[in-house]
Amino acid sequence: MDLIERYLKAVGAQLPAAGREDILAELRDLLMSRVEEREAELGRPLTEAEVEAVLREVGHPLTVAARYGAGPQHVVGPELYPWWLFGVKTALTVLVLITAVGAVARILFGGAEVGQAIGQAFAGLFSSGLTVVGLATLAGFIIERQTDKPAFLTEWRAKDLGMFEVGVFSRRWWDSLSEQQGTRADRATPKMSPTAGALGSATAWGIFLLWWSGLLGLGFRPEDMGGELVRGGVDYGLLFAETVALLYWPVVILAAAQGVFHLLRAMTGSPVRLTAFGDVIFRGASLTLLGWIWLYSPFASLLRVDSLGDLIDRTETLFRTGEGAGTVLILIFVVIVVSEVSGLLMALKKLVVGK
């Protein structure tokens, strides 16, 4: 019975020390019983090939040892898989957008040929996509092995399920684009559930962080988007690169904090006041960074205006002559500030009211 002992040693090598001898004793009894039953049927001892066949019926040592192991026997299980797929789709969508912006920036400002920029974009997108799928799988592996499942798996609400009926990434959503009939309510896109939104936001911020830190391998960094852009004697590309360098660590910290916060929201069911509290903090941080850009960044002298009337005059000149890159920056800056202030006020209201 050397084959059986060799088989048992192979199984035992995969088992934890605790309980190993008991499991091997149980397995030895099973194997010996099967061998004895087969010998009784044939009326003779089994040949080596026949013993091998009995062992194959029981299963490969790795498979048999796994039956006695603790924890799930899969990387991402069927309950978590839809969320894993949603996260991967969201991340790939963000990657595609970043890659497209980078390709256009290289063509317009970096002097790259169209074919070269597209080729680099596809190569970077492929390698980065593999990284994203790997990180999502690692996250799923960790979640599957937690004792307590996250709230988004166990505490979902029926009123938040519209995303799964007609979600941005669902087949029905794409089909609905070609539908011409039906009521306005039928054509409306349901609101994404807070938990799914939190998971999508966490994924997007994670992708942004990897890109900002240069770990995605897309072939371009944030500072590269400035390119060679000189207007009116001002090198905007250089100013952009200098600003990005100064903001590198603050943005890293802000993006990482955003990602962790949205993961916390996803795991806790995304309560309204927690979401509002985080929004207040992060809107405030964004406004702080915007204030620094306005007052102290390399762009400060270009963004500063003496009065509202001066801004109106410069805007009129821009629309009349089409000249004034600095004025365009100021208008973009104003729109962003107004958006952040509006978001901050809405978050404060939700924090107080609770809905």
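User: Contact here means heavy atoms within 4.5 Å, so what share of the contacts in the protein chain with a separation of 6 or more comes from residues 24 or more positions apart?

Analyst: Residues 24 or more positions apart account for 69% of those contacts in the protein chain. This is a predicted model, where local features need pLDDT of at least 70 and side-chain atom pairs count only at pLDDT 80 or more, while totals for chains, interfaces and linings use all residues. Residues are numbered from 1 along each chain as its sequence is written, and side-chain values use heavy atoms, with hydrogens and water left out.

User: How many helices and strands are there?

Analyst: The protein chain has 16 helices and 2 strands, taken as DSSP runs numbered from the N terminus (H or I over at least four residues for helices, E over at least two for strands).

User: And what about burial and surface, say, how much of the chain is buried?

Analyst: Of the 355 residues in the protein chain, 34% are buried, where buried means under 20% relative accessible area, exposed means over 50%, and partly exposed lies in between, with a 1.4 Å probe and protein chains only. The accessible surface comes to about 21,400 Å², and carbon and sulfur atoms hold 63% of that surface (Shrake-Rupley method, 1.4 Å probe).

User: Let's talk helices: at what angle do α15 and α16 pack?

Analyst: Helix α15 (residues 308-321) packs on helix α16 (residues 325-353) at about 120 degrees, and their axes are 10 Å apart. Axes here are lines fitted to C-alpha atoms over the stretch in contact, with angles from 0 to 180 degrees between N-to-C directions. The two helices are therefore oblique to each other, given that angles under 35 degrees count as roughly parallel, over 145 as roughly antiparallel, 65 to 115 as roughly perpendicular and the rest as oblique.

User: Which residues of α15 and α16 meet there?

Analyst: From α15 come Leu311, Arg314, Thr315 and Leu318, and they meet Gly326, Thr327, Val328, Ile330, Leu331 and Val334 of α16. By class, the residues of this contact are 6 nonpolar, 3 polar and 1 charged (Ala, Val, Leu, Ile, Met, Phe, Trp, Tyr, Cys and Pro are nonpolar, Asp, Glu, Lys and Arg charged, and the others, Gly among them, polar).

User: Staying on α16, is valine 338 buried or exposed?

Analyst: Valine 338, which sits in helix α16, counts as exposed because its relative accessibility is 52%.

User: How far apart are the axes of α11 and α12?

Analyst: The axes of helix α11 (residues 194-212) and helix α12 (residues 236-268) are 8 Å apart, at an angle of about 155 degrees, and α11 is thus roughly antiparallel to α12. Their contact holds 17 nonpolar, 5 polar and 1 charged residues.

User: Last one, where is tyrosine 81?

Analyst: Tyrosine 81 is in helix α5 (residues 81-108), and with a relative accessible area of 41% this tyrosine is partly exposed.

Definitions and conventions:
Contact means heavy atoms within 4.5 Å.
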